[in-house]
Amino acid sequence: MPAALIRGKDIAVTIQEELAAEVRHLQTMGIVPGLVTILVGDDPASQSYVRAKNKTAHALGIHSEQRSRPAATTEEELLALIAEYNSNSAIHGILVQLPLPRHIDESKVLAAIDPAKDVDGFHPVNVGKMLLGEPCFLPCTPHGIIELLQRSGVETSGAEVVVVGRSNIVGKPVANLLIQKRAGGNATVTLCHTRTRDMAFHTKRADILIVAAGVPQMIKADMVKEGAVVIDVGVNRIGESESGKAILVGDVDFAGVVEKAKAITPVPGGVGPMTITMLMHNTVQSAKTAHNIMA
């Protein structure tokens with residue numbers, strides 16, 4: 001029997017409905033969560049992501065601003081813009097769209113954001129708190145993966161989890177979240193990467209397999225345990241259809257693995273919609289914290 005589909009698109013809609021209700025409640029108290037997205041350069045993918053973020057924010061009732069700057073913007077100018085929003089009480093979340101032009105130091109830019117407004121969860125303070133299991137803004141894609149698992153009824157406690165990919169954006173943080181002593185954690189985690197000697201040896205042991213390697217269809221059916229839950233984070237463009245529409249595939253060979261797994265995320269419509277949703281979640285939480293609203 002083919003695997004059940006874990007449709008992140010549907011789960012994201014449910015979470016967004018919950019967030020919209022929270023925003024409406026905050027508005028009755030005169031509080032409007034505010035998010036600014038800062039885009040440097042004209043990368044088409046980045047422009048698309050930022051448009052999607054702003055569209056979602058407006059749909060939820062979140063005040064959203066976009067500040068676009070040319071690729072020639074200096075590091076000093078970008079840091080000054082961040083400082084402006086750090087001190088703006090109407091803005092609760094600051095997101096600098098990555099990647100940045102090469103002449104700008106990304107680590108310096110991310111560290112310049114007020115940790116209390118770091119809704120991407122990339123500031124060293126929030127990364128450190130996440131590692132320690134303390135309250136903080138969690139990075140959006142890893143947080144979205146945990147929500148997908150929990151809301152799909154996938155038990156992580158005691159599970160053998162294999163993560164393929166060790167990026168600071170997905171692989172490392174999702175591995176950390178899964179080992180935490182809390183709901184959505186308590187797993188035994190193996191982290192694989194490009195220097196792993198026998199990838200299949202590890203992936204075939206996984207009750208839950210999370211793949212974020214950026215390699216199209218690298219995980220084949222013979223690398224997956226029968227009845228595993230597979231979370232495919234990859235989104236790879238491998239060409240265009242006759243109509244000119246982009247052909248997208250994940251890091252997992254969906255056609256083969258869907259016949260072997262218990263559940264699997266599709267690409268597109270799987271993990272992707274959760275990333276923006278958790279960004280909105282962090283923005284709402286930031287507004288609540290700024291106004292000392294704990295519930």
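When I say that two residues touch, I mean heavy atoms within 4.5 Å. What you have on screen is a predicted model.

Let me start with Ala111. Ala111 belongs to helix H4, residues 106–112. Leaving out residues up to four places away in sequence, Ala111 touches His123 and Pro124. Along the chain, Ala111 and His123 are 12 residues apart, while in space their C-alpha atoms lie 5.4 Å apart. Ala111 has a relative accessible area of 37%, so it is partly exposed.

Next, the sheet. The order of this open sheet of 3 strands is S3-S2-S4, and the pairing is parallel. The edges are S3, residues 63–69, and S4, residues 93–96, each pairing on one side only. On average, and ignoring direction, neighbouring strands here are turned by 15 degrees against each other. Between S2 and S3 there are 7 bridges in the parallel sense. To give one of these positions, Leu35 has Ser64 of S3 as its bridge partner. Helix H2, residues 44–60, packs on this sheet and touches S2, S3 and S4. The direction of H2 makes about 160 degrees with that of S3.

Is Thr37 buried or exposed? Its relative accessibility is 0%, and because buried means under 20%, Thr37 counts as buried. The side chain of Thr37 makes a polar contact of 3.4 Å with the side chain of Asn54. Beyond four places in sequence, the residues that Thr37 touches are Val50, Asn54, Glu65, Gln66, Arg67 and Leu95.

Neighbours within four places aside, Ser46 is in contact with Leu39, Gln97, Leu98 and Pro99.

Now to H6 and H10. In general, a pair of packed helices is described by the angle between the axes and the distance between them. Helix H6, residues 140–151, packs with helix H10, residues 272–290, at an angle of about 105 degrees, and the axes are 8 Å apart. Angles of 65 to 115 degrees count as roughly perpendicular, so H6 is roughly perpendicular to H10. Which residues make the contact? From H6 they are Cys140, Thr141, His143, Gly144, Glu147 and Leu148. From H10 they are Met274, Thr275, Met278, Leu279, His281 and Asn282. Sorted by class, this contact has 5 nonpolar, 6 polar and 1 charged residues.

H6 comes up again with helix H7, residues 171–179. Of the 9 residues of H7, 7 are buried, so the helix is largely enclosed by the rest of the structure. The buried residues are Gly171, Pro173, Val174, Ala175, Asn176, Leu177 and Leu178. What covers them includes two helices, H5 (124–132) and H6. The cover also includes the strands S5 (160–164), S6 (188–192) and S7 (208–211).

Last, the hairpin. Strand S9, residues 236–240, and strand S10, residues 246–249, run antiparallel and are joined by 4 bridges. Glu240 has Ala246 of S10 as its bridge partner. There are 5 residues between S9 and S10, and in the turn Gly244 has a positive phi of about 90 degrees.

That is the tour.

How values were computed:
Residues are numbered from 1 along each chain as its sequence is written. This is a predicted model: local features need pLDDT of at least 70, side-chain atom pairs count only at pLDDT 80 or more; totals for chains, interfaces and linings use all residues. Side-chain values use heavy atoms; hydrogens and water are left out. Axes are lines fitted to C-alpha atoms, for helices over the stretch in contact, and angles run from 0 to 180 degrees between N-to-C directions. Angles under 35 degrees count as roughly parallel, over 145 as roughly antiparallel, 65 to 115 as roughly perpendicular and the rest as oblique. Ala, Val, Leu, Ile, Met, Phe, Trp, Tyr, Cys and Pro count as nonpolar, Asp, Glu, Lys and Arg as charged, and the others, Gly among them, as polar. Buried means under 20% relative accessible area, exposed over 50%, partly exposed in between (1.4 Å probe, protein chains only). A polar contact is a pair of N or O atoms within 3.5 Å; within protein, one must be able to donate a hydrogen and the other to accept it, and residues adjacent in sequence count only if both atoms are side-chain atoms. Two strands pair if DSSP finds at least two bridges between them.
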